[in-house]
Each structure stands twice: as C-alpha cells, then as structure tokens.
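Dear colleague,

Please find below the structure that I am handing over to you. My notes on what was found in it follow directly after it.

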Amino acid sequence: MRRAVCPGSFDPVTNGHLDIIGRSSRLFDEVIVGVLVNQSKSGLFTVEERIDMLREVTASYDNVRVESFRGLLVDFCRAQQASVLVKGLRAVSDFDYELQMAQMNIGLAGVETLFMPTNPLYSFLSSSLVKDVAKWGGDISAHVPDVVRHALQTRLTPNLPRD
C-alpha cells in the first residue's frame, strides 16, 4: 500500500491545503493529514478544533484520515508506515526551505518528499493571510471551506453580523 503524509499546522485549513490533499488522494492508496502539535506556538484554534475541521472537510475522500503528531515528522511517518511526504509549494521561497527539510528527512529516515506545485488559484494563500483578512471582517469565502469561515468569524469577529 502506498501511503503518504501531508503535514502541517492547518491553523486553519485553507482551500490551498485541500487542493494538495485532494490531489494527493488520487496518487496514493492512503493519505494521512498530519496535524503538528507545537507546544511552543499557540494557534488560533486548538489541535482538536483543527482536526475536527479537517475531518469534516476531507470526509468526501475515502482514503484520507487525519491524525495529530508531536516531535519529528519522520517518526510520525514511521509510526504510520508512510514513506512519502507531500508538500505543496506556492513559490520559489517555499522550495528553498522545504528542500533542506526534505534532505534532512531522507537522511534521517529514508522518507521521500514529493513537492506538488500549488494550483495557481491558491498560490498566494496562507493560513496567516486568511486570519488577517478575517480579523478585519474581509470576505474569505473563496479561500476556505464554509465550516472554517464560520469558525474564523466566530473566533475573530464575534460582534459582527453573520450571513
């Protein structure tokens, strides 16, 4: 069975993330979305909230599951019996950083990294940018699933009227 991991913090998941997850699901028998638990960073959403949102928005993919992990990504891959990481690249600047990590991962554990170029529709999109726009009441409906949009509106702008 060809199993891959799509790792990230997903705080929150965006349509760009979902594009990579969906495309990966067509290439592999199973895709594990690995949600990083980083105790040195406080996210907008708890890990449990991020997992719940990811499970909801990936429910249509029979071969995708969502799990959390802490520590080294390669250890998570070993535990999941996954030999491939899938990483979306938005720009050349992403590649510079991701290449170093890919080389470290193959050296540490023989885990390969598949770089998948992001759909041009999402090349500018990041969770941070979505949160900034949402915080000021901007329209993020084209950038995140509805469940994420509602969660962001509730968390960031609780006093604004809802649609």
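In which helix is Glu98 found? Glu98 is found in helix H4, which covers residues 92-109. Helices (H or I, at least four residues) and strands (E, at least two) are DSSP runs, numbered from the N terminus.

Before the details, two notes on the basis of this work. The model is predicted, so local features need pLDDT of at least 70 and side-chain atom pairs count only at pLDDT 80 or more, while totals for chains, interfaces and linings use all residues. Residues are numbered from 1 along each chain as its sequence is written, and side-chain values use heavy atoms, with hydrogens and water left out.

To return to Glu98, this residue is buried, with a relative accessible area of 15%. Buried means under 20% relative accessible area, exposed over 50%, and partly exposed in between (1.4 Å probe, protein chains only). Not counting residues up to four places away in sequence, Glu98 touches Lys87, Leu89 and Phe115. Contact here means heavy atoms within 4.5 Å.

The record

For "domain: Cytidyltransferase-like", an unreviewed entry, UniProt lists residues 5-131. UniProt positions are given in the numbering used here, feature names are shortened, and annotations may be inferred rather than shown by experiment.

The nonpolar cores

In soluble globular proteins, nonpolar side chains tend to be buried together. A nonpolar core is a set of buried Ala, Val, Leu, Ile, Met, Phe, Trp, Tyr and Cys residues joined through side-chain atoms within 4.5 Å. The largest such core in this model has 32 residues, and Ile21, Leu54 and Val86 have the most contacts inside it. At least two residues each come from strand S1 (3-8), helix H1 (15-27), strand S2 (30-36), H2, strand S3 (64-69), strand S4 (84-89), helix H5 (127-135) and H6. H2 gives the most to this core, with 5 residues. A second, separate core has 10 residues, including Val5, Ile32, Phe76 and Val111.

Val86 deserves a separate entry. Leaving aside neighbours within four places in sequence, Val86 is in contact with Ala4, Val5, Cys6, Pro7, Ile20, Ser24, Phe28, Leu114 and Met116.

Cys6 lies in strand S1 and counts as buried, at 3% relative accessibility. Apart from residues up to four places away in sequence, Cys6 touches Ile20, Ile21, Ser24, Val31, Ile32, Val33, Gly34 and Val86. Cys6 and Tyr61 are 55 residues apart in sequence and 14 Å apart in space, C-alpha to C-alpha.

Gly34 lies in strand S2 and is buried, at 0% relative accessibility. With neighbours within four places in sequence left aside, the contacts of Gly34 are Val5, Cys6, Pro7, Gly8, Phe10, Glu67, Phe69 and Phe76. The C-alpha atoms of Gly34 and Ile20, 14 residues apart along the chain, are separated by 13 Å.

Helices H2 and H6

The axes of helix H2 (residues 47-57) and helix H6 (residues 146-156) come within 10 Å and cross at roughly 150°. Axes are lines fitted to C-alpha atoms, for helices over the stretch in contact, and angles run from 0 to 180 degrees between N-to-C directions. H2 and H6 are therefore roughly antiparallel to each other; the term applies to angles over 145 degrees.

On the H2 side, Glu49, Met53, Glu56 and Val57 meet Val147, Val148, Ala151 and Arg155 of H6. By class, this contact of H2 with H6 has 5 nonpolar, no polar and 3 charged residues. Ala, Val, Leu, Ile, Met, Phe, Trp, Tyr, Cys and Pro count as nonpolar, Asp, Glu, Lys and Arg as charged, and the others, Gly among them, as polar. Within H6, Val148, Arg149, Ala151, Leu152 and Gln153 are buried, and the buried residues of H6 pack against H2 and H5.

Backbone features

The loop between S1 and H1 holds both Phe10 and Pro12. A cis peptide bond joins Asp11 and Pro12, with omega about 0°. Phi of Phe10 is near 50°, a positive value in a residue other than glycine, and Phe10 counts as buried at 4% relative accessibility.

Gln81 is found in the loop between helix H3 (73-80) and S4. Phi of Gln81 is near 55°, again a positive value in a residue other than glycine. Is Gln81 buried or exposed? Gln81 is exposed, with a relative accessible area of 63%.

With kind regards

How values were computed:
Angles under 35 degrees count as roughly parallel, over 145 as roughly antiparallel, 65 to 115 as roughly perpendicular and the rest as oblique.
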